[in-house]
Each structure stands twice: as C-alpha cells, then as structure tokens.
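Q: Could you take me on a close look at the place where the two chains meet? I would like one connected account of that part.

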Number of protein chains: 2
Amino acid sequence: IDLHLNARVVEAGYGYLIVEENGKERRYDWDRLVLATGASPLIPRIDGVGLENIFTVDLPPDAERIIKAKGENIVIVGSGYVGLEMAEALSSRKVTVIEMLSHPLPNFDADVADVVRKEVEKKVNLRLNERVEAFEGEDRVEKVVTDKGEYEADFVILAVGVKPNIELAKQLRVRLGETGAIEVDKHMTTNIDEIFAAGDCAETINIVTGKKAWIPLAPVANKMGYVAGVNVCGGSIEFPGAIGAQITKFHDMEIGKVGLSEAEARKEGFNVESVMIKTRSRAHYYGEGELWLKMVVDENKRLLGVQAVGDAAFPRLYAAAIAIQHGLTTKDIFFSDLPYAPPFSPVWDALVVAARKLRF
Amino acid sequence: IDLHLNARVVEAGYGYLIVEENGKERRYDWDRLVLATGASPLIPRIDGVGLENIFTVDLPPDAERIIKAKGENIVIVGSGYVGLEMAEALSSRKVTVIEMLSHPLPNFDADVADVVRKEVEKKVNLRLNERVEAFEGEDRVEKVVTDKGEYEADFVILAVGVKPNIELAKQLRVRLGETGAIEVDKHMTTNIDEIFAAGDCAETINIVTGKKAWIPLAPVANKMGYVAGVNVCGGSIEFPGAIGAQITKFHDMEIGKVGLSEAEARKEGFNVESVMIKTRSRAHYYGEGELWLKMVVDENKRLLGVQAVGDAAFPRLYAAAIAIQHGLTTKDIFFSDLPYAPPFSPVWDALVVAARKLRF
C-alpha cells in the first residue's frame, strides 16, 4: 500500500483527486475509491464558541491540548460517553457537566441513567435540564452562561455529539441517506458503483430494527472497512449491519447498552415489555459487587436491547450482544449455559434472572 | 414447602420413603418424587486413603475442616478446577499438586493447559505424569508416595473428580444412563413416570454433540431443578441441555472453557479445525493484559468450543457460550457487534480475530 500521510484531499472528482501534500497540490487518478472520512465533533452554534480553550475531543492532539490546559474549573458540555469519560479523566479538578436533557447518557433509558447519575454526582457537579447560552471571556473562555446560571471556566470541553464527514462525498455527488451519512449497500458500495464508503462517514443497517442507521462506533467502522477493503479489491462479502453495542465506564462503574433502549424500541413501534433488576455481580462471599440490568423484549419475547450498569456489566453485555444480534428470546437466555464460578457471578446470572422475570 | 433438614432417606420404595430424622425413622408417602441427590467426591482406591487429614472438597463443613488443619506441607491430588482452586486458596503454604496426566486441567487441550501450567508453577510444586501409590502415616497422613517420589504432607486434599449419588435411584429401580448418572428426558422424568431427577445426579444432553452427557455443574443443576420443579407440579417445560460451560481462576488468571476442546471434538468424530491466538485483553494504553483464546470449529465453520485463559477471559467465554449453544459460525462471530471501549478490549476482540483466522 502506498500510504500518504499529512495529505489532504482538497477536491474530489470522478476518476481523480487533488491532494495537498508537502505544501503542493498533486493529482491522483482512481478507478475505484473508498471514502473513509470518518466523523467529527459537532460544534454547537453558541455565542463565544470560538474562544480559546474551548476544546473538542476527536484525535490524539486534542488529548495533548487538554492535558496541557491549566486551571481548576472545567466545564463539560454534554453527558454522553465522551462527556463522562472526560469527566472521569479530569476528576481530580472541579468539573461541572452541563446536560440539557433530564438524565445523563441521552441514548439510555431514564431509569438506567438514573443509576449512573447518582454515581456521577458523587464526583462531578452534574447540571441536568440546563442549556448553555453563551461562552464569555476576552480571548480565552472565562465563563459559561446557561439558562439557569453561570460557571467559571478555565477551559471547556464540548461533547455534544458527532457528525459524518461528507464534504468529499457531496463533491462526488455520492448519495446521502436519511441519517445524513453516506448511503451504502451491504457491499459498502455507494450509488456510484466505483465508489465505496466505510466507517463513521457511512450508514449501516440496525439489525434489530432492520432499518438504515448511522452508528459511528469503532468496531462497526473497522468491520465496514474490512468489507470495503475486500470488495474494492474484487472480492464479495457483505456487512450484515450492527446493533449499536456500546460500553464505557465512570470510575469503577461499567456502563453499557446493546440493541435498543425501551424508549428507542417504543419509538420504532415495537410492542415492548421490559424489566430492570438489581443483582449481585458475583457470589455474596466474593464482595459487594452490584449490577443493574434492564432487558427490553418485543411481544414474542425476542430481545431488543439490554442496558447494564455497575460491577461486571461488561460480560453480560458481551453475551447479550450475541443474543440480540441473532434474534434470541427470553427462553433462549434463560436456558443459556453460561460459565459460572463464584468469583465471576452468582449461579443465577443477571441475564438469566431478567429473562425469567419477563417469562417465556 | 415443608422442608426437612437433617433428614436422611434410608430407604426409598415406590410410593414411600423411610427417613431418619431426629434419631427416629419416619415414613412419608409420595405421589411424585424428585431425586436431587447431587454428586460426591470420588475417593480413589489407594492404600492409606482412610488416614486422618485426608480431605475431600464438597460441602461447607469440608472448608471449615481444611481451614482448621495445621501444617505447612500440603499435597493436593488432582489438578482440575477443584485442585487448582484449593491450590490458590492455600498458596501461602507449601503446596504440591500431583497430576497423573501430562497437563493440568484434564478436560482442556494441552496447548491451552500449558499456559495455565506456567502460571501454576510460579506458585505451586506441580508434579505432572505422576501417580499417587500410597498415603502413609500413623493415624494422620504424614507422607504421600508416588511412582516417582515421596512428599511430606501435613494434610492432603483429594480432588480427582466426582460421581453421581445414585443409591436411592437404584433402590427405586430408576434407570441409569451410559454415563452412570440417572437417565432423564427433557422434562426431567425418569423411566418411571412419577419419578423426576435433576441436578448433579442426573444426565442431560450436550447440545454441541446432541448426545447424552453428564455435566455436574451448578448452573445446569439449578436449571434442571427449575424444570423438574415446574413439571412435578403439573407444568410442562423442557430442558434443552447444556454445553459444559465452565470457568475458574488461579490468582489473576481467568481460565475457562465452553463447548468442546479440540481433543473432545475429535473423539466425537468431528472434522475439526482450530486456532489458538494470544492477544491483548484491552487497548495497549490500558495495561498489559494478555489473553490466550482457542477456537474449535467443524468443517462448516460452526463453533464447537472456545477455551480462554488470561486477563478478562470471562467476557469472551460468556459471549462464546451463547454463540456455541445456538450453532453460530465464524462468520457470525466475525460480524458480531460487541461493545467496545479501550478499558475493556482492543477494537478487534480476541473472538473476532480467532474467527477471522479460521476464515468464513
């Protein structure tokens, strides 16, 4: 592979690219093209958002800038994964997180997110139902003004979501989907046969709903790239889609979601049942691990989603991901033969208990 | 439920039981009976096995006896789960483990067990390919004699396997299966319609092979009990069988197996392919976690078994258990959307890498 780093595509046309490279513009011709332009942080249109020391979190240089930034008072805008992970990373300082919704982790159900809220509030000044109206300061940001108050800020981190990078796709007249990302089929081919797209710039299918979805997460992106790579070289494999599996942690609390939340499932028109349980994460004589798990099913008891929060949420989410992707039911889960030993789980695992409560 | 503790069934006949209770024998009649008599440790026929301070590990009082036992020199016979767990628990003392096979964990493949061997040998005097010939001592055991040497022993733990408790079943003329445990159908009914059996005393089906198997492990036993309980009360649910999912740990090393080992799969006549990989268990900037994972598939790339050893083997085994029980293939695994974040895994999970290496 002829790899060009520090090379920026400034113009894309059918059969060619113009690339700015070492200060010069060069032209490269292509027979087939893969767009893998990724996604970028959203910058909200708020007064003063251009002030110095207002950061986004995208690539390693962003981390370096944030590490070097001085000051005790930090405001983070947004309480999704990125917002909470930054709050954790900076928790030795005075962190305020401002979230315009009524709970952290906007794509989680409120009851699950409420467990996370309690943990976050132990370490961070979490402001819910609050909206940033302006950033103020001379050159640097000094203050964040919301609809409910003002917060001193030595620096600010914007963590309000991402958008697909579709400028080159537009230049090439590649079709975008309803989600705003590039529309592709299962081969990662766009509406133009010779142009493929993969990763965070492209759409995929949500296997649970069967509908087009934009799921800008790393494992999905990597596999889309694998499929595009095979197919652009003349192979033929299909990407089946994804379920939106995701995990993070806040200090000792593991936090994750696979498939749909109950709110998402209702919005999609599913006839939903759900249960939320709190269990031990391991045998009682192996410590005080607590685990909250919410399971969402449709009227046929097919799993639509699992959210889990607490100690050892990760293994439960790993198993649930496979179950959801393959359309398993509460009966399948109840009768799953999961490896058990007291340091790892109680003999009735949280997944099994949730499945039993939902009946089969 | 009318629960009788400290009550021992001394005779079982069709329609009645004779029970020794508070020093008296009483008769109870039954219309339906559930045998849930469990399993007991095997006692090998070795000279001197009846000496004091030779323990087995079964119920909580055994643990109390072992905790009270004095002495620095401990010999453990057998290096299966129980042997290794006892070696861990006693690792502040001088522990010798004697195993007659060429690797620890007899039901694992040799290549996987070899990774465990190296870890065990850091803490314990592990003697492989060695057979105990006698226990010697006055009243208490003092010495263990093998075909290769002698070991001083203040106490000995026998961990050479278990056998189903089938004495009452025999009295009742309940049919035993080829495995030696009680034969049951999916309703947990024995050959006698009114008698059910469940748990470690009963057989089940190995879902991977489709054959009868004896799998004396807690989650299987508990679910068999659930099924027997529903059916004995007039309900009708079926137990689908199990895959032999199991996990243990030795200090920081997680050790587990779901489905068949390669050796087991070959013995069952499968046309086997396998791969063993060593990967990081999480992103490189989150520590040095190492994970070994072996995946065994048939000629259709259907998963037959996964063995995993190292840091965070547990979540991989949880996901693999669901995959194996439901007949998934390497392609299914490769395209599994597993939740990812750097503290939990590399972006290409060990399961995904193994599936890719086996092709699809």
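A: Happy to. Contact here means heavy atoms within 4.5 Å. By that rule, in this predicted model, 51 residues of chain B touch 51 residues of chain A.

Let us start with the area. Together, chain B and chain A bury about 4,700 Å², and carbon and sulfur atoms account for 73% of it. On the chain B side, the residues that lose the most area to chain A are B:Y318, B:F335 and B:D337, which together make up 18% of what that side buries.

Which elements of chain B supply at least two residues each to the side that touches chain A? They are the helices α5 (218–232), α7 (313–325), α8 (330–334) and α9 (350–357), along with the strands β18 (246–250) and β19 (253–259). Of these, α7(B) gives the most, with ten residues. Sorted by kind, the residues on the side of chain B that touches chain A are 34 nonpolar, eight polar and nine charged.

Now for how the two copies are arranged. In general, two copies of a chain are related by a rotation about an axis and a shift along it. Here, chain B is superposed on chain A by a rotation of 180° with 0.0 Å of shift along its axis, at an RMSD of 0.0 Å. The two copies are therefore related as by a two-fold rotation axis. Both copies use the same surface, as 100% of the contact residues of chain B recur in chain A.

Chain A has domain 1 (1–30), domain 2 (41–162), domain 3 (166–242) and domain 4 (247–358). Inside chain A there is also a contact between domain 1 and domain 3, taking seven residues from domain 1 and six residues from domain 3. Domain 1 and domain 3 of chain A bury about 510 Å² between them, 68% of it from carbon and sulfur atoms. On the domain 1 side, A:A12, A:Y14 and A:W30 lose the most area to domain 3 of chain A, together 75% of what that side buries. Between these two domains of chain A the count is zero salt bridges, while two residue pairs are in polar contact, both residues at pLDDT 80 or more.

Definitions and conventions: Residues are numbered from 1 along each chain as its sequence is written. Chains are lettered from A and ligands numbered from 1 in the order in which they are written. This is a predicted model: local features need pLDDT of at least 70, side-chain atom pairs count only at pLDDT 80 or more; totals for chains, interfaces and linings use all residues. Side-chain values use heavy atoms; hydrogens and water are left out. Buried area is the accessible area (1.4 Å probe) that two parts lose on being put together, summed over both. Helices (H or I, at least four residues) and strands (E, at least two) are DSSP runs, numbered from the N terminus. Ala, Val, Leu, Ile, Met, Phe, Trp, Tyr, Cys and Pro count as nonpolar, Asp, Glu, Lys and Arg as charged, and the others, Gly among them, as polar. Copies are superposed by least squares on the C-alpha atoms of residues with pLDDT of at least 70 in both. Domain bounds come from an automatic or database domain assignment. A salt bridge is a side-chain nitrogen of Lys or Arg within 4 Å of a carboxyl oxygen of Asp or Glu. A polar contact is a pair of N or O atoms within 3.5 Å; within protein, one must be able to donate a hydrogen and the other to accept it, and residues adjacent in sequence count only if both atoms are side-chain atoms.
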